[in-house]
Amino acid sequence: MDMTDPPDDPAPAGETVRYSAPALDKGLDILEVLSRTAEGCTLKELADALNRNVSQIFRMVVALHRRGYIQSDANDRYTLTLKMFCLAHRQPPLKRMIQTALPLLNELAERARQSCHLAVYEQGCSVVIAQVDGPDRWSFGLKTGSFMGLTDTSSGHILLAYQDEAGRARMLRNHSKVEGEIDMDPGHLLSLLADVRRAGCSVMPSKQIQGVTNIAFPVHGLNHKVVAAVNVPYIARIDAAATPSIEEVKRIQADICARLSRRLGADEDA
């Protein structure tokens with residue numbers, strides 16, 4: 001394979017380009033093509049989509065892979081990572097999601113008398129992007145920025161359960177275990193995810209902390225795609241204080257997540 005870069009492409013006829021950056025254009029073209037496919041592309045498919053030959057994009061693909069913007073699987077198919085999503089923590093759409101979610105998370109914590117957090121999928125894990133403590137004098141919560149297991153947590157189950165088959169396979173293929181994450185039998189995991197879809201939520205004893213019951217619901221965005229999970233790490237009071245039960249928290253949480261989904265652009269009739 002010719003590893004040298006070809007000469008810069010001329011500007012399209014009739015178009016005046018004052019400042020050109022061919023390499024940058026090429027890299028952006030690659031990212032845009034990959035953003036439009038769930039299955040990813042081989043190097044040859046990428047080249048065909050860009051009307052180039054493989055030698056013209058090879059070095060750019062290597063650079064994007066090295067910098068963590070794209071990844072490849074065992075079949076040499078390239079897909080986007082969530083690095084750009086990570087970079088956007090301070091910018092829309094993630095910033096908008098957090099700003100939109102926080103008032104509702106505060107309402108959830110107040111009504112449920114429990115802590116809660118918002119989690120998204122990122123590079124093989126689920127990560128906490130917003131967290132609110134419960135209103136009582138003690139609470140249990142996860143720090144913002146914490147990475148959680150994808151296969152042994154309620155949030156991870158929500159994020160996996162609502163993907164299509166190709167998307168879920170890609171997430172599991174890129175799964176990166178966090179410290180302490182418990183191995184899950186693939187067949188058992190798929191059965192659990194089917195149960196989550198039927199129930200519309202995930203309720204399970206924490207596999208990390210004894211005495212905690214995790215309650216997670218999906219958050220939908222544009223095209224009714226699940227973009228996040230809201231989780232309540234429920235701790236039962238055993239004193240005389242009257243607090244909502246798990247079933248009551250589920251009803252509150254379902255209401256909060258439906259309202260958050262609408263605010264993020266989800267179609268109510270989807």
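Which residues are exposed on the other side of α8? They are R198 and A199. The numbered points below return to this helix and then treat other regions.

1. The model is predicted. Its protein chain contains 9 helices and 8 strands. Of the 270 residues in the chain, 43% count as buried. Where contacts join residues at least 6 apart in sequence, 58% of them link residues at least 24 apart.

2. Geometry and faces of helix α8. This helix covers residues 186–199, 14 residues in total, and its first and last C-alpha atoms are 20 Å apart, close to the 20 Å expected at 1.5 Å a residue. Its buried residues are L189, L193, A194 and V196. Viewed down the axis of α8, these buried residues fall within an arc of 155°, and they therefore line one face of the helix. An α-helix has 3.6 residues a turn, so residues three or four places apart point the same way. R198 and A199, by contrast, are exposed on the other side of α8.

3. Is S206 buried or exposed? Its relative accessibility is 16%, and because the cut-off for burial is under 20%, S206 counts as buried. Apart from neighbours within four places in sequence, S206 is in contact with V212, T213 and N214. G211 belongs to the loop between β6 and β7 as well, but G211 is exposed, at a relative accessible area of 59%. Not counting residues up to four places away in sequence, G211 touches Y234 and I235. The C-alpha atoms of G211 and I235 are 6.7 Å apart, although 24 residues separate the two in sequence.

4. V249 in helix α9. V249 is part of helix α9, residues 246–263. With a relative accessibility of 0%, V249 counts as buried. Its contacts, leaving aside neighbours within four places in sequence, are A112, I215, V232, Y234 and P244. For the pair V249 and V232, 17 residues apart along the chain, the C-alpha separation is 8.5 Å.

5. How many cavities of 30 Å³ or more does a search of the whole structure find? The search returns 1. The largest cavity holds about 70 Å³ of space. Its lining comprises R113, Q114, S115, G134, P135, D136, W138, S139, F140, P233 and I235. By class, 5 of the lining residues are nonpolar, 4 are polar and 2 are charged. I235, one of the lining residues, is also touched by G211.

6. Backbone angles to inspect. D76 has a phi near 60°, a positive value in a residue other than glycine. D76 sits in the loop between β1 (70–72) and β2 (78–80), and D76 is exposed, with a relative accessible area of 52%. H224 likewise has a phi near 60°, positive in a residue other than glycine. H224 lies in the loop between β7 and β8 (226–235), where H224 is partly exposed at a relative accessible area of 27%.

Conventions. Residues numbered from 1 in each chain as written. Predicted model: local features only at pLDDT ≥ 70, side-chain atom pairs only at ≥ 80, totals over all residues. Heavy atoms only, no water. 1 Å grid on protein atoms, 1.4 Å probe; cavity = no way out; pocket = protein on both sides within 12 Å on 5 of 7 lines; lining within 4 Å. Points joined across faces, edges and corners; volume = space filled by probe spheres on them. Nonpolar A, V, L, I, M, F, W, Y, C, P; charged D, E, K, R; others polar. Helix = DSSP H or I, 4+ residues; strand = E, 2+ residues; numbered from the N terminus. Expected span 1.5 Å × (residues − 1). Buried < 20%, exposed > 50% of the residue type's maximum accessible area, 1.4 Å probe, protein only. Arc of directions from axis to C-beta. Contact = heavy atoms within 4.5 Å.
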